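Good morning, and thank you for making the time.

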Amino acid sequence: MHLKNSPRSYGLVAIVLHWLVALAVIGLAILGLWMTDLSYYSPYYRSAPFWHKSIGITLTAVLLLRLVWRWSNPRPAHLPNHKRWEVSMAGVVHGLLYLMLFVIVISGYLISTAKGQGISVFGWFEIPASITGLPGQADRAGAVHYWVAIGVLGLAALHALGALKHHFLDRDDTLRRMLGMRARQLTSSKEKQV
């Protein structure tokens, strides 16, 4: 497997970045929903937000890297059986996912820095609090963070269902390409009868 994309398949870098983002989003959603129910006396009351913020900042860096890679390394061509509406819908869903993920990151930053404290990233360095004290900053940013995250989970589910539809119903290589698998050698029904 090559590092860069080819006209027929995704390269290793695109595949790894895709799955890192997917795992981070799922993990952050689970952690975020779990930590909202923690009481002040929970042993995880301070550590859960620390990990959520650190992973969220890391996700931001991976998202930026993924966008740079995507712009500098053309994607493989769409498969010939993809319908125009499927290609258009995939483009809209991908664009919305990127936009919403950045809204989540920005709103998370605004929640965390509302009281003027920076964000420690794994204890290695700190992101300074440059926007603080806006009216209702933490509450408003918190509502945006929560509802946009729910929207991302819905879009991610739609994205996954589309990939499964291509794999099991259309029997094409859409999912196989993002898993780094070789394209299937599909034969037409006429070739099978010979």
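F122 sits in the loop between strand 1 (119–121) and strand 2 (125–127); helices (H or I, at least four residues) and strands (E, at least two) are DSSP runs, numbered from the N terminus. F122 is not a glycine, yet its phi is positive, at about 55°. Most residues other than glycine have a negative phi. With 23% relative accessibility, F122 counts as partly exposed. On this scale, buried means under 20% relative accessible area, exposed over 50%, and partly exposed in between, with a 1.4 Å probe and protein chains only.

A word on the basis of these values. This is a predicted model, in which local features need pLDDT of at least 70 and side-chain atom pairs count only at pLDDT 80 or more, while totals for chains, interfaces and linings use all residues. Residues are numbered from 1 along each chain as its sequence is written, and side-chain values use heavy atoms, with hydrogens and water left out.

R171 also has a positive phi of about 55° and is not a glycine. R171 follows helix 4 and belongs to the loop between helix 4 and helix 5. Is R171 buried or exposed? R171 is exposed, since its relative accessible area is 54%.

Let me turn to the chain as a whole. The chain has 6 helices and 2 strands, and their order along the sequence is α-α-α-β-β-α-α-α. Along the principal axes, the C-alpha atoms fill a box of roughly 70 × 30 × 30 Å. Of the 194 residues in the chain, 32% are buried. Among contacts in the chain with a separation of 6 or more, 65% are between residues 24 or more positions apart; contact means heavy atoms within 4.5 Å.

Next, helix 1. Its 24 residues, 12–35, should span 34 Å at 1.5 Å a residue, and the end C-alpha atoms are 34 Å apart, so the two agree. The expected span of a helix is 1.5 Å times one less than its number of residues. Among the buried residues of helix 1 are I15, L17, H18, V21, V25, L28 and L31. Against what do the buried residues of helix 1 pack? They pack against helix 2 (47–72), helix 3 (84–112), helix 4 (137–169) and helix 5 (174–178). A22, also in helix 1, is partly exposed, with a relative accessible area of 24%.

Helix 1 and helix 2 cross at roughly 155°, and their axes come within 9 Å. Axes here are lines fitted to C-alpha atoms, for helices over the stretch in contact, and angles run from 0 to 180 degrees between N-to-C directions. Helix 1 and helix 2 are therefore roughly antiparallel; angles under 35 degrees count as roughly parallel, over 145 as roughly antiparallel, 65 to 115 as roughly perpendicular and the rest as oblique. By class, their contact has 20 nonpolar, 4 polar and 1 charged residues. Here Ala, Val, Leu, Ile, Met, Phe, Trp, Tyr, Cys and Pro count as nonpolar, Asp, Glu, Lys and Arg as charged, and the others, Gly among them, as polar.

Helix 3 and helix 4 pack at about 155°, with axes 8 Å apart, and are therefore roughly antiparallel to each other. Their contact has 19 nonpolar, 9 polar and 2 charged residues. Helix 4 has 33 residues and reaches 47 Å from its first C-alpha to its last, close to the expected 48 Å. Its buried residues include H145, V148, V152, L155, H166 and H167, and helix 1, helix 2, helix 3 and helix 5 are among the elements that cover them.

Finally, the loop between helix 2 and helix 3. H82 lies in this loop and is buried, at a relative accessible area of 16%. Which residues does H82 contact, leaving aside its neighbours within four places in sequence? They are V87, H166, D172 and T174. R75 has its place in the loop between helix 2 and helix 3 as well, but R75 is partly exposed at 34% relative accessibility. Beyond its neighbours within four places in sequence, R75 is in contact with N5, Y10 and R70. The C-alpha atoms of R75 and G11 are separated by 9.2 Å, although these residues are 64 residues apart along the chain.
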